[in-house]
Amino acid sequence: MSDIENLSGHTHMCALIANPIRHTKAVGMHNASFAHQGIDSVYLCFEVENEQLPALVQTFKTIGGVDGYNVSMPNKMEICQYLDELTDAARLMGAVNTVEHRDGKAIGHNTDGAGFMRNIKEHGFECVGKRMVMTGAGGAGSAIMVQAALDGMAAVDVFNIKDDAFYAAQEKAALVSEETGCRVTIHDLDDRETFGACCQQADILVNSTRVGMKPLDDQCLFPEEFIKPGIFVCDVPYNPIKTKLLKMAEAKGCVAIDGIGMMLWQGAIAEKIWYGFDMDMDYVRGLVEQHLDL
């Protein structure tokens, strides 16, 4: 019920905290979904610095009417220490993107990886026992590799530049491997021989970096010869909807999966956590595809 005439003293709130935040698509997506489902709640956004998190977590938890909130950068890692509980996925990722208020507690979830895995499942990919090759070990990549391991993937090979986060990603991969039994390995993106060999053994290729998204839409981290015909190929960026990677994949007869589905499913899972209802995916996806500036 996001129309102003339907707001009342009974209207609840969900939110997004991040900084910067003005570019977000989440406000339009969730408010449209709430209105469509008849949920008496609004979704707002707040720019929050990390030092403000202790007060914000406590305030949101104790005042009435705040049912939960999403968390984006730079708050996703820092907020973990201020929450009462973390799910296994959030703990292994070391990051939270959704907070639920339940029984007086603030509980941290991470729906990014779950949203990705649900999206590829909707396109026919069953992950148990399969092999994934992914570019990027950052926020999205970390969430995907953890959830893929939790869901039963046999092996995840992640290729990343040797930046400051590379060795931290290796430590996380070792922990995930130990706890899940999935072999998760972080490789140097410049190691083209290993990159190509892993791609030839893969059941699914995934780009979790910004490469392919405007203004980098003429670029792709996967060389065309590394894309094996007939497999699944997924891109996390969704603007443009059909990235260079997906165009190359389609030309090879692959199942090409765009990033809009991940964005929608991570939001849908958050709404399920807060309110227990299923987002009308066809309705919301139609809005997103018509209005990428929603």
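Which element supplies the largest share of the lining of the largest pocket? Helix α6 does, with six residues. The structure is a predicted model, in which local features need pLDDT of at least 70, side-chain atom pairs count only at pLDDT 80 or more, and totals for chains, interfaces and linings use all residues. Residues are numbered from 1 along each chain as its sequence is written, and side-chain values use heavy atoms, with hydrogens and water left out.

The largest pocket holds about 1500 Å³ of space. Lining residues have an atom within 4 Å of a point. Grid points are joined across faces, edges and corners, and the volume is the space filled by probe spheres set on them. The lining comprises 48 residues, of which Ser72, Met73, Lys76, Asp112 and Ala140 are the closest to the pocket centre. At least two lining residues come from each of β1 (12-18), α1 (26-37), β3 (66-71), α3, α6, α7 (166-180) and α10 (260-275). Helices (H or I, at least four residues) and strands (E, at least two) are DSSP runs, numbered from the N terminus. By class, 25 lining residues are nonpolar, 18 polar and five charged. Here Ala, Val, Leu, Ile, Met, Phe, Trp, Tyr, Cys and Pro count as nonpolar, Asp, Glu, Lys and Arg as charged, and the others, Gly among them, as polar.

The second largest pocket holds about 210 Å³. Its lining has 14 residues, and Gly136, Asn160, Ile161, Asp163 and Thr209 are the closest to its centre. Strand β8 (155-160) and helix α7 each give two or more residues to this lining. Nine of the lining residues are nonpolar, four polar and one charged.

The largest nonpolar core contains 34 residues. Such a core is a set of buried Ala, Val, Leu, Ile, Met, Phe, Trp, Tyr and Cys residues joined through side-chain atoms within 4.5 Å. Buried means under 20% relative accessible area, exposed over 50%, and partly exposed in between (1.4 Å probe, protein chains only). Phe116, Met132, Met145, Met153 and Val156 touch the most other members. Helix α6 (residues 139-150) provides the largest share of this core, six residues. A second, separate core of 19 residues includes Ile17, Val48, Val96 and Val99. Leaving aside residues up to four places away in sequence, Met153 has contacts (heavy atoms within 4.5 Å) with residues including Met117, Phe125, Ala148 and Cys182.

The count of salt bridges is 13, each a side-chain nitrogen of Lys or Arg within 4 Å of a carboxyl oxygen of Asp or Glu. One joins Lys61 and Asp84 at 3.1 Å, N to O. Lys61 lies in helix α2 (residues 53-62) and Asp84 in the loop between α3 (75-78) and β4 (85-86), so the pair ties together parts that are 23 residues apart in sequence. Asp84 is partly exposed, at 39% relative accessibility.

Two further pairs lie within helices. Arg285 and Glu289 approach to 2.7 Å between their closest N and O atoms. Both belong to helix α11 (residues 281-290), four residues apart, about one turn of the helix. Arg285 is partly exposed at 22%, as is Glu289 at 39%. Salt bridges that share partners join Asp88, Arg91 and Glu179 into one network. Within it, Asp88 and Arg91 have their closest N and O atoms 3.7 Å apart. These two are three residues apart in helix α4 (residues 88-93), about one helical turn.

Conventions: 1 Å grid on protein atoms, 1.4 Å probe; cavity = no way out; pocket = protein on both sides within 12 Å on 5 of 7 lines; lining within 4 Å.
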